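Hi there,

Here is the structure I promised to pass on. My notes follow below it.

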Amino acid sequence: MSKVHNFSAGPCILPNEVFEKSAESILNFNESGLSLIEISHRSADFVAVMEEAIQLVREVLNVPDSYEVLFLQGGASLGFLTAAYNLMGAHKTGGYLVTGAWAKKAAKEASFMGNSITIASSEDKNFNYIPKDYTLKNNIDYFHVTSNNTIFGTQIKNFYTGEIPLACDMSSDIFSRKINIEDFDLIYAGAQKNMGPAGTTLYICKKEILGKSSVPIPTMLDLKTHSDKDSMFNTPPVFPIYASMLNLRWLKKIGGLSYIEEQNEKKSELIYHQIDNSSLFLGTANKEDRSSMNVTFTLTNEALNETFNKMLVEANINGLKGHRSVGGFRASMYNAMPFESVSILVDIMKELENKKG
Ligand SMILES: *Cc1c(COP(=O)(O)O)cnc(C)c1O
């Protein structure tokens, strides 16, 4: 089978060694003669996986001891609600930076047990930028942001560092660049954008927020429930956690966040450079807010869409179709995307330019 260059926005590509080793575990986990998915999650073998996964998150992201790391379920979509429940305080109000469709969905969830205030929104320009001109007042319990807007190709470069607790949906750029964990009170991320297969959701939160909510929380949505039981209150999704652990091992081995951040910059710069130096392509995101994970662009001459799509198919390039709300194209380049694949895509863009530009 010839190699497919998978630029899909999610679920993400993973390193081949992760696919291979996780596939092995389904048939014969750790040479035990048993499958990973048939053993008890409380067996020594799986507890070791959970512990290593948590330890790797701590190491790779440099998570201080004052923070809890949890592997839960429900995706980032349940994270929207979980964040709101756990961070509600005296004002029973969350403030939201509405930078895309996911941010909007997050904001909606706060209204189920409290109030949701839009601090700033970029919806006026179809979310093609990150609003920066806003001030926070003390009428909110927390400020919620989306670090990378997967659909619109924008990314927050500088996070809020004030007094108000900061919550962040980091689904599509966690582990892609260095961050300062101490800027955040709560981070959550669905695994399937840049960490592993769908089915587990990573939570990193300040221990001091646990059990402090001003509203009653259903048991499964209370982060304290899961913290008290080391992510084993109920049966954890063992396979996605195992594959995520393997992926984090890989990330650590290749050089961790400093190395991957540099790689991710190089990959996205290569495409942005092509976009900016071509009359055929137009980037849809505001330059200073451009994402290094999801590059969104359109063709200036829509009549060329078909030709371009045909060239992509011939080059085995997959998953480049833009989200329907933006149109055009989106090249998602999560951690495991090799530089060579990006370079092949850019060659196709150049070829089209030479033909039609
Ligand atoms: C994909 C995505 C989500 C939704 O994630 P699920 O795990 O499918 O619920 C939320 N936020 C962002 C930024 C995403 O990219």
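Which residues in H6 meet which in H7? Trp250, Leu251, Lys252 and Ile254 in H6 meet Gly256, Leu257, Tyr259 and Ile260 in H7, where contact means heavy atoms within 4.5 Å.

First, some ground rules. This is a predicted model, where local features need pLDDT of at least 70, side-chain atom pairs count only at pLDDT 80 or more, and totals for chains, interfaces and linings use all residues. Residues are numbered from 1 along each chain as its sequence is written, and side-chain values use heavy atoms, with hydrogens and water left out.

Now the aromatic rings. Rings of Phe, Tyr and Trp (its six-membered ring) pair if their centres lie within 6.5 Å, with planes under 30 degrees apart counted as stacked, over 60 as edge-to-face and the rest as tilted. By this rule there are twelve aromatic pairs. In one of them, Phe29 and Tyr242 have ring centres 5.3 Å apart and planes at 85°, so the pair is edge-to-face. Phe29 is buried, at 1% relative accessible area, and Tyr242 is buried too, at 4%; buried means under 20% relative accessible area, exposed over 50% and partly exposed in between (1.4 Å probe, protein chains only).

Tyr96 and Tyr142 also make an edge-to-face pair, because their ring centres are 5.8 Å apart and their planes at 85°. Tyr96 is buried at 0%, and Tyr142 is buried at 0%.

Finally, Phe281, Phe297, Phe308 and Phe329 form one aromatic cluster.

Best wishes

Technical notes. Helices (H or I, at least four residues) and strands (E, at least two) are DSSP runs, numbered from the N terminus.
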